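Hi,

Here is the structure I promised to pass on.

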Amino acid sequence: MKKTLLFATIIFTLVIMAACGKSNNEGANQGKGNKVLTMATSADFAPFESRDTAGNPQGFDIDLANMIAKELGYKLEIKDMKFDGLIGALQSNRADMVLAGMSATEKRKKNVDFSTEYNRSGEMFITLKGSNIKTVDDLKGNTVGVQLGTIQEEGAKALQKKVKFDVKPLDNSTTLIQELLSKRIQVAYLDKAVATGYIKKQNLAGFDDPTSSSPGMAVAFPKGSKLVGDVNKVLKKLEDNGQLQKLKDKWLKDEQ
């Protein structure tokens, strides 16, 4: 009887120890370090986001997202999609945040929440070398290419009220430059940091948009996301310790 009782006690103790061990492991797996932070982007917007020769995402926003995830104790997962689908990805909870060179416009704020701004570039018009288009007034009678869903698309439509030109919306910035080089459009309208990179690589010309007063770029979140406050704290820390400036020096040196 005593042996039976002793055996039962040992078995019970082992079961309890195993359960405790399992419980502790599950607790560790629930920690932030094991949670995934899903970031949506549109990897065709160098130097903010593009792909290297191996197909891996790279750029200012990619580095910044990794810094944010590390500071908050998350593993970063990147989803690449078309720019005009990014807001929808947040609204349908397919992404926790968006970093895609996205300007925090009042129109977008109706559908998503934004962090504090982390960069401000402005806009620029790109033309072929030798083009006679050198000012906004020279856009008259020409076709200006813009990326779908961007602030440049909105800006071009606003400019049409003052200068008569055609707007051609396209899926991404790479296609815009291809259309420009093939002379199917006469002007590409892009973020200045992106434009300066193309001008340098493709031996193109361009000029700043003097009418532009666009808001800066910010991280976008689903409405009511608790991540906004946490990410704002990280952005302030990166600003204060100089890491944000180092990112700008690394990726935006052509613009500065």
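**What I found**

Leaving out residues up to four places away in sequence, Phe 114 touches Met 102, Ser 103, Ala 104, Thr 105, Arg 108, Lys 109, Ala 218, Val 219, Ala 220, Phe 221 and Val 228. Please keep in mind that this is a predicted model. Phe 114 sits in strand 6, which covers residues 112–114. Its relative accessibility is 12%, under the 20% limit, so Phe 114 counts as buried.

**The chain as a whole**

The chain is built from nine helices and 12 strands. It has 256 residues, and 45% of them count as buried. Among the contacts with a separation of 6 or more, 74% are between residues 24 or more positions apart.

One part to look at is an open sheet of five strands, in the order 9-8-10-7-11 and with mixed pairing. Strand 9 and strand 11 (205–208) are at the edges with a single partner strand each, so one side of each has no neighbour in the sheet. From one strand to the next, the twist averages 30 degrees.

How do the strands pair? Strand 8 and strand 9 run parallel and share five bridges, and here Gly 145 is opposite Lys 168 in strand 9. Strand 8 also pairs in the parallel sense with strand 10, over two bridges, where Gly 145 faces Ala 188 in strand 10. Strand 7 and strand 10, by contrast, are antiparallel and joined by four bridges. In strand 10, Ala 188 also stands opposite Ile 126.

Why is strand 10 described as largely enclosed by the rest of the structure? The reason is that five of its five residues are buried.

**Helices against the sheet**

Helix 5 lies across strand 7, strand 8, strand 9 and strand 10, and runs at about 125 degrees to strand 10. Helix 6 lies across strand 7, strand 8, strand 9 and strand 10 as well, at about 155 degrees to strand 10.

Which residues of helix 5 (151–159) are buried? They are Ile 151, Gln 152, Glu 153, Ala 156 and Leu 159. These buried residues pack against helix 4 (106–109), strand 7 (123–127), strand 8 (143–147), strand 9 and strand 10 (187–191).

Asn 172 is in the loop between strand 9 (166–170) and helix 6 (173–181). Is Asn 172 buried or exposed? With a relative accessible area of 18%, Asn 172 is buried. Its side chain reaches the backbone nitrogen of Thr 174 at 3.2 Å. A polar atom of the Asn 172 side chain also lies 2.8 Å from the backbone nitrogen of Thr 175. Beyond its neighbours within four places in sequence, Asn 172 is in contact with Asp 44 and Gln 147.

**A helix pair**

Helix 2 (residues 60–72) packs with helix 8 (residues 227–240) at an angle of about 110 degrees, and their axes are 10 Å apart. The two helices are therefore roughly perpendicular to each other. From helix 2, the residues involved are Leu 64, Met 67, Ile 68, Glu 71 and Leu 72, and they meet Leu 227, Asp 230, Val 231, Val 234, Leu 235, Lys 237 and Leu 238 of helix 8. Nine of the residues in the contact of helix 2 with helix 8 are nonpolar, three are charged and none is polar.

**Backbone details to check**

Most residues other than glycine have a negative phi, and most peptide bonds are trans. Here are some exceptions.

- Ala 46 and Pro 47 are joined by a cis peptide bond, with omega about 10 degrees. Pro 47 is in the loop between strand 1 (36–41) and strand 2 (50–51).
- Lys 183 is not a glycine, but its phi is positive, near 65 degrees. It lies in the loop between helix 6 and strand 10, and is exposed with a relative accessible area of 62%.
- Asn 203, also not a glycine, has a positive phi of about 55 degrees. Asn 203 is in the loop between helix 7 (192–202) and strand 11.

Best wishes

Methods
Residues are numbered from 1 along each chain as its sequence is written. This is a predicted model: local features need pLDDT of at least 70, side-chain atom pairs count only at pLDDT 80 or more; totals for chains, interfaces and linings use all residues. Side-chain values use heavy atoms; hydrogens and water are left out. Axes are lines fitted to C-alpha atoms, for helices over the stretch in contact, and angles run from 0 to 180 degrees between N-to-C directions. Angles under 35 degrees count as roughly parallel, over 145 as roughly antiparallel, 65 to 115 as roughly perpendicular and the rest as oblique. Contact means heavy atoms within 4.5 Å. Ala, Val, Leu, Ile, Met, Phe, Trp, Tyr, Cys and Pro count as nonpolar, Asp, Glu, Lys and Arg as charged, and the others, Gly among them, as polar. Buried means under 20% relative accessible area, exposed over 50%, partly exposed in between (1.4 Å probe, protein chains only). A polar contact is a pair of N or O atoms within 3.5 Å; within protein, one must be able to donate a hydrogen and the other to accept it, and residues adjacent in sequence count only if both atoms are side-chain atoms. Two strands pair if DSSP finds at least two bridges between them.
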